Amino acid sequence: MAEVILEQLCKNYGTVEAVRDVNLTIADGEFVVLVGPSGCGKSTTLRMVAGLEELTGGNIKFNGQIVNDLTPKQRNIAMVFQSYALYPHMTVFKNMAFGLKLKGLAKDEIKRRVAEAAALLDISELMDRKPRELSGGQRQRVAMGRAIVRQPLVFLFDEPLSNLDAALRGQMRVEIKRLHKALATTIIYVTHDQIEAMTLADRIVVMNAGRVVQVGDPMTVYNRPIDKFVAAFIGTPKMNFLAARLETAGGGGLVLQLEGGGTLPVPESRTRAYQPYLNKAVEMGIRPDHLSVDDAGGSEPAGFEATIDVVEVTGAGALAFFSFAGVDAAAQCLPRDTARAGQRVLIAADMEHMHLIETDSGRVVPVETA
Amino acid sequence: MRPRKGTIGLILYLLLLLLPIYWMFNMSLRTNADILNEFALYPADPTFANYIKIFTDPAWYSGYINSITYVAMNVLISLSVALPAAYAFSRYRFLGDKHMFFWLLTNRMAPPAVFLLPFLQLYSTFGLIDTHIAVALAHTLFNVPLAVWILEGFMSGVPREIDETAYLDGYGFPRFFLTIFLPLIRSGIGVTAFFCFMFSWVELLLARTLTDTVANPIAATMTRAVGATGLDWGLLAAAGMLTIVPGALVIWFVRNYMAKGLALGRV
């Protein structure tokens with residue numbers, strides 16, 4: 001159990017800055033997910049917390065105590081790797097008991113702890129097997145079991161589910177979440193998969209190019225991305241970005257004049273925030289969930305016309321892909337709309353969920369929260 | 001079931017392959033007079049006299065002991081030098097690591113004869129001529145590079161996370177290396193030992209030149225079996241058979257890992 005504080009954490013490899021000025025306070029028992037594209041410094045950050053990489057600058061504190069110079073062992077953390085890193089020549093039991101033996105725990109205590117962890121992870125009947133006799137999911141459970149038995153201050157997960165197939169990944173996600181509930185230990189979890197981040201995290205830390213871009217709970221990061229990078233990175237299908245111009249409408253309100261043709265009214269609540277961008281080129285960010293292929297076209301909704309290229313059916317819904325002013329975009333449609341590929345349709349936008357993005361900086365213009 | 005063409009071909013191939021060895025075995029069980037008198041496909045009157053002579057005459061069996069001694073020393077030295085080196089190459093990046101790694105292999109490009117003179121002079125300066133360690137050390141020049149290459153391949157097959165997990169578990173480096181890492185690459189160590197053994201066991205030029213009487217290898221003893229009475233055929237054949245045995249034994253132990261070893265652990 002520990003509160004983990006990262007202060008101005010930096011890591012350079014020669015002249016390459018892998019991690020720059022990362023500041024983060026992780027509360028005791030919190031589940032924090034570091035997410036970002038590969039090479040963004042998230043794994044390096046995690047490894048610095050583990051003590052596997054030296055810091056170039058900054059401090060790491062566990063419960064207020066600086067641990068920069070402590071060995072991994074002294075920090076009392078447990079780490080789960082993508083490659084599981086089980087000792088291939090030892091049985092599951094030995095793999096799990098190994099670290100405890102080194103700690104000098106009594107045999108009974110070791111047995112008790114391993115049995116407990118095994119029961120929690122449902123791997124009790126695998127105790128005498130070697131890692132090569134286990135499936136990927138079972139190996140990952142053993143790796144987690146090995147972490148649990150150590151009763152560490154902090155759990156570190158380095159892309160633990162990346163080697164598993166999609167179905168298993170979904171299942172393990174739920175188990176990790178359940179595990180966190182049961183153990184209530186601080187968890188720092190690194191992934192490039194934003195769905196893992198969304199589903200697991202108490203707080204998401206989005207990183208890019210060695211920096212922390214945004215920190216927040218999943219829904220905040222999803223609904224109020226701080227810039228275009230976060231907006232594009234979080235959420236599947238990806239957010240659409242359409243070039244536009246902000247202009248005044250007749251009644252004093254604002255409208256977005258899309259580059260590809262079409263006029264969309266900006267919600268009144270945002271008029272004040274967007275005023276400075278009047279008559280400037282901007283980008284509109286809007287998720288496919290909030291664009292829909294309009295069927296009836298009944299009451300003249302806000303929208304624009306586009307030609308559907310492909311319709312991808314997902315079961316409950318479907319996504320229509322189209323090209324708009326040279327940009328690939330997607331919108332929701334109904335599964336039965338498959339036949340409409342190649343047709344020109346009206347695409348309606350739910351403007352309450354739009355984001356206005358500064359073209360130069362990529363910053364999402366903040367709006368007052370309702 | 002009729003044997004297939006391929007099977008017949010293979011059997012034929014095997015026969016041709018084994019024929020010289022069989023012939024040597026055949027000769028080793030006959031007396032000189034018998035060998036020289038008549039052509040025989042199998043020994044009509046087998047005798048173990050040749051083997052008995054080798055096992056009882058110190059001039060002969062000490063040759064085997066010498067060979068085994070310096071080969072064993074060489075394998076031990078090569079492995080203990082190559083293991084840390086290979087670990088460094090597989091786990092760390094340092095200035096010129098790639099070039100150095102390749103340079104190691106170039107050591108094997110020169111024929112042993114090239115090193116004969118310098119070795120001779122150096123060893124006589126240090127008074128090492130005609131000692132087992134002299135031959136063992138000379139052979140490491142060829143075996144260490146190969147050992148590093150093979151071991152590096154095997155070590156790189158072990159994920160780095162294993163090392164890190166061990167550190168997280170609280171292992172210091174020496175204990176990690178001995179109790180976790182070495183067991184993981186034990187097949188690689190076996191294969192490496194085999195290759196070192198093979199080179200050192202069959203290498204004759206250096207071994208013969210650097211030794212005289214005390215530490216001379218079995219192959220050298222064999223070349224000296226040519227006496228005033230001519231060649232002692234049966235004895236030579238018996239000595240040859242015994243020379244094959246250790247190699248065959250070692251191959252038997254590492255047979256499952258040979259292919260991987262020949263690919264320098266990179267399969």
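Residues are numbered from 1 along each chain as its sequence is written, and chains are lettered from A and ligands numbered from 1 in the order in which they are written.

For the complex, the predictor gives an ipTM of 0.73 and a pTM of 0.79. Helices (H or I, at least four residues) and strands (E, at least two) are DSSP runs, numbered from the N terminus.

Where pLDDT is low, the predicted coordinates should not be read in detail.

Between the chains, the contact (C-beta atoms, placed from the backbone, within 7 Å) takes 17 residues from chain A and 13 residues from chain B. On the side of chain B that touches chain A, helix H8 (160-169) and helix H9 (173-184) of chain B each supply at least two residues, and H8(B) gives the largest share, seven residues. That side of chain B comprises eight nonpolar, two polar and three charged residues, where Ala, Val, Leu, Ile, Met, Phe, Trp, Tyr, Cys and Pro count as nonpolar, Asp, Glu, Lys and Arg as charged, and the others, Gly among them, as polar.

In chain A, helix H4 (residues 107-121) has 15 residues and reaches 21 Å from its first C-alpha to its last, close to the 21 Å expected at 1.5 Å a residue, the expected span being 1.5 Å times one less than the number of residues. Its buried residues (20 or more other C-beta atoms within 10 Å of their own; exposed means 12 or fewer, and partly exposed lies in between, with C-beta atoms placed from the backbone) are Val114(A), Ala117(A), Ala118(A) and Leu121(A). Seen down the axis of H4(A), these buried residues fall within an arc of 100 degrees, so they line one face of the helix; the arc is that of the directions from the helix axis to the C-beta atoms. They pack against helix H3 (92-103) and helix H5 (136-149) of chain A, whereas the face turned away from the buried side carries the exposed residues Asp108(A), Glu109(A) and Ala119(A).

After H4(A) comes Asp122(A), whose phi is positive, near 65 degrees. Glu125(A), in the loop between H4 and H5 of chain A, is exposed, with 9 other C-beta atoms within 10 Å.

How values were computed. Predicted model: local features only at pLDDT ≥ 70, side-chain atom pairs only at ≥ 80, totals over all residues. Contact = placed C-beta atoms within 7 Å.
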